[in-house]
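Let's take a friendly walk through this structure together. Have the sequence and the 3D view open as you read.

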Amino acid sequence: KGFNPPVITDDWWLDIIEYSGTNPMEGTFQDSMGWGRWGFPLPEKNETPKSRGKRLAFAAMQNEWQKKADNLMITQITHPSIVLDFINNQPGLKDVCFENLHYLATYAPQLSIRGFGGIFEDSFENWYLHSLKIQNEKSANNDKGGTGLTTNKKVPACDEPVALRHPTFGFYTPSTIACFFVQGHLMGPSVKVYETIDYLMWFLSSNSEWMPVKIRNFLIDGIKEWMVWFWTESNNWEFPIPINKDTGTLFKSMFDASDEKNFKLTKRIENDIRTRIKYSKEHLLLSDSVEVLVEKFLTHNFIEYWIKNNKKRSTRKKK
């Protein structure tokens, strides 16, 4: 594969041997969750020296490209050309991506957008066309699978990971596709790198303008409808954010508001918003000023939408 490891007496190999057997979920329905970000299933465990050596070799390569992905911050919001360069320059990675296209679509959903797949373009298109056929057959057979995820309450037009290729996004709800883009599937590979509000700020920023406008707007609407973009003073245990006396003021005020018309944008709330967005800007190296990002956030009415629909949800629960 073109990878030159250290000599066999180097203690680097001890780490690789340990890593090659560290997925405690392997062989279970949670298998895909255990490989780590940019991790793929290793060759099956076997007692023959050749098989054990192959697994060890792939473990070595995977360990290297996972560390590189973390160092370079290769995520769902990385420009496709950079992701493709990363894949091409990591020994063994291109091959496992072709063999595990669903994993690739989860780690790098931006590559599934038509025209951005590079060497994987044909593979994504073939997957998309095949899923159109399968889903059409399910619809003809009056299958109800997935109908809860669509806007028309019918069977999705295609598979979720390739829905960004479909003219109406497979009829999936925007929140369904936004959720997949940000955190992948339930029990699927681990992909989330930032808080949801950070992804939202990236979508609102000029950094995301390489993305087709229709897709970008659909995903922004999806995050709005998903309603999990908020932050509090205590929800930063996985992604630490700066805390001050105003942190969480926005969420508390939204939660306490009787309806969206009664919400008041106070100085403390403004400071809470500005502080959190400043963190997103610095953490993601966003080009826009904090003031511009705050204005975009407010004009998209995320706050009003959250209050209105949270109250609706609370009313339904009481009934």
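Leaving aside its neighbours within four places in sequence, which residues is Phe3 in contact with? The headings below begin with that question.

## Phe3 and its partners

Keep in mind that this is a predicted model. Setting aside residues within four places in sequence, Phe3 is in contact with Trp12, Ala60, Met61, Glu64 and Pro91. Phe3 itself lies in the segment before H1. With a relative accessibility of 26%, Phe3 counts as partly exposed, because that value falls between the 20% limit for buried and the 50% limit for exposed.

## Where H1 meets H2

Next, look at helix H1 (residues 12-19) and helix H2 (residues 49-72), whose axes come within 9 Å and cross at roughly 100°. H1 and H2 are therefore roughly perpendicular to each other, since angles of 65 to 115 degrees are counted that way. On the H1 side, the contact is made by Trp12, Trp13, Ile16, Ile17 and Tyr19. H2 brings Leu56, Ala59, Ala60, Gln62, Asn63, Glu64 and Gln66 to the contact. By type, the residues of this contact divide into eight nonpolar, three polar and one charged.

## The nonpolar core

The largest nonpolar core has 84 residues. Those with the most contacts inside this core are Trp38, Ile87, Leu104, Trp229, Leu250 and Phe297. Helix H8 (residues 196-204) gives the most to the core, with seven residues.

Not counting residues up to four places away in sequence, Leu250 touches Trp229, Trp231, Phe263, Ile269, Asp272, Ile273, Phe297 and Ile303.

## Two residues with positive phi

Most residues other than glycine have a negative phi. Trp38, although not a glycine, has a positive phi of about 60°. You will find Trp38 in the loop between H1 and H2, and it is buried, with a relative accessible area of 1%.

Phe171 also has a positive phi, near 65°, and is a residue other than glycine. Phe171 sits in the loop between H6 and H7. Is Phe171 buried or partly exposed? Its relative accessible area is 33%, so Phe171 is partly exposed.

Ser112 is found in the loop between helix H5 (101-107) and helix H6 (121-140). Ser112 is buried, with a relative accessible area of 1%. Where does its side chain reach? The side chain of Ser112 reaches the backbone oxygen of Pro109 at 2.6 Å. Beyond four places in sequence, Ser112 is in contact with Phe124, Pro161, Leu164 and Arg165.

Thr176 belongs to helix H7 (residues 174-183). Its relative accessibility is 12%, so Thr176 counts as buried, the limit being under 20%. The side chains of Thr176 and Thr173 are joined by a polar contact of 2.7 Å. Apart from neighbours within four places in sequence, Thr176 is in contact with Leu149 and Glu160.

Conventions: Residues numbered from 1 in each chain as written. Predicted model: local features only at pLDDT ≥ 70, side-chain atom pairs only at ≥ 80, totals over all residues. Heavy atoms only, no water. Core = buried A, V, L, I, M, F, W, Y, C linked by side-chain atoms within 4.5 Å. Buried < 20%, exposed > 50% of the residue type's maximum accessible area, 1.4 Å probe, protein only. Helix = DSSP H or I, 4+ residues; strand = E, 2+ residues; numbered from the N terminus. Contact = heavy atoms within 4.5 Å. Polar contact = N/O pair within 3.5 Å; in protein donor to acceptor, adjacent residues only side chain to side chain. Axes fitted to C-alpha atoms, helices over the stretch in contact; angles between N-to-C directions. Parallel < 35°, antiparallel > 145°, perpendicular 65-115°, else oblique. Nonpolar A, V, L, I, M, F, W, Y, C, P; charged D, E, K, R; others polar.
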